[in-house]
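Please keep the sequence and the model in view while reading.

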Amino acid sequence: MTRTHKTEGTYIDPLCDTGFKILFGRESSEDILIGFLNAILDTDGEDPIVSLTYIDKEMNMESPDERNIFYDLQCKTQSGHRFIVEMQQRPQSHFKERSIFYVSRAITEQGKQGDWEYNFMPVYFIALTMFRIDPNDTRVRVDAMLQDTETNETFSESMRLIYIQLPNFTIGNPADCTTDFERWIFILKNLKDMERMPFAQEVFKRVERVARVENLSQEDRRRYERDLKFTRDYYSTMKYAEREGLAQGIAQGMAQGMAQGMAQGMAEGMAQGMAQGMAQGKAQGMAQGKAEGEALAEERLVRAMASNGLDAATIANATNLPVERVKKILG
């Protein structure tokens, strides 16, 4: 008999992959996604989204050697807009460029043969991230579109990129949320720790019902618990490996720095050289330790997922690692 991970709390975690799909990725909960998108777009009652049509959730690259691009959710409105909505937990290199690539593909696939006048649906990319897109950007919301650089007016509304940087949202009391946008972000960040829904709007009552752990089907609960376990294992492994690698890197870096500092100090002054060398070595060691820690974390996570019966392709999709890297780890 297979044991399952005991789900804690009243509500699911909407920021893990399965929880996100349960809340937003089904036609049966279309009204929840509509409420969320209208809050993000801040329509103020003007041209709000009133209906959605869910479309394919997965698009393949042209080359069979390349990994699939997986959209957590794609939908389009009856009035002619297309949305790509994604939850991204891990930082990725070139994430903004990746977003532009996704949007570009969603535009170009609308092309038609023959007499066609480029009347494609505008594509909106909305990403909820558990990290800052840029390390020094403290905004909760980053909103980008094509603009005339001389007049600062909108050049085209054919694409729009919206990033919600969840670490930058710091409202801790639901009573301090004054807009639907703030209420939604508060819910997404805190739902898994809540015992009751703090907001009375009808859409949040729907969220409360759909997100209750006790209301999940047996299959949804099994998938959610497995996803939750992978998420926890990943962060636990990353933290351990980071601490281990950091400690090792600092020790190695300080030793190298002291040696370098002593040699430099013979010429410039022992005390000054040792201090400078130790500082440089510590910085170098911390960087090296962090890199080693991340590599170790990747290896442990891949092996843990493989022990649960997942194949290399599934692990690669779940971790955003190249398939070749996963196969190399698994030997």
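## Strand pairing around strand 5

Arg82 stands opposite Val123 in strand 6, and this pair belongs to the 7 bridges that join strand 5 to strand 6 (residues 123-129) in the parallel sense. Strands count as paired here if DSSP finds at least two bridges between them; strands themselves (E, at least two residues) and helices (H or I, at least four residues) are DSSP runs numbered from the N terminus. The model is predicted, so local features need pLDDT of at least 70 and side-chain atom pairs pLDDT 80 or more, whereas totals for chains, interfaces and linings use all residues. Residues are numbered from 1 along each chain as its sequence is written, and side-chain values use heavy atoms, with hydrogens and water left out.

Strand 5 (residues 82-88) is largely enclosed by the rest of the structure, because 7 of its 7 residues are buried, that is, under 20% relative accessible area with a 1.4 Å probe and protein chains only. Arg82, Ile84, Glu86 and Gln88 point one way from strand 5, while Phe83, Val85 and Met87 point the other way.

Strand 5, helix 3 (residues 95-108) and strand 6 make a right-handed β-α-β unit; right-handed means that, with the strands pointing away from the viewer, the path from the first strand over the helix to the second runs clockwise.

The pairings that involve strand 8 (residues 154-165) are as follows.

| Strands | Sense and bridges | A bridge pair |
|---|---|---|
| strand 6 and strand 8 | parallel, 7 bridges | Tyr124 and Arg160 |
| strand 7 and strand 8 | antiparallel, 7 bridges | Val142 and Tyr163 |

Strand 7 and strand 8 form a hairpin with 6 residues between them, and Asn152 in the turn has a positive phi of about 60°.

Key:
Buried means under 20% relative accessible area, exposed over 50%, partly exposed in between (1.4 Å probe, protein chains only).
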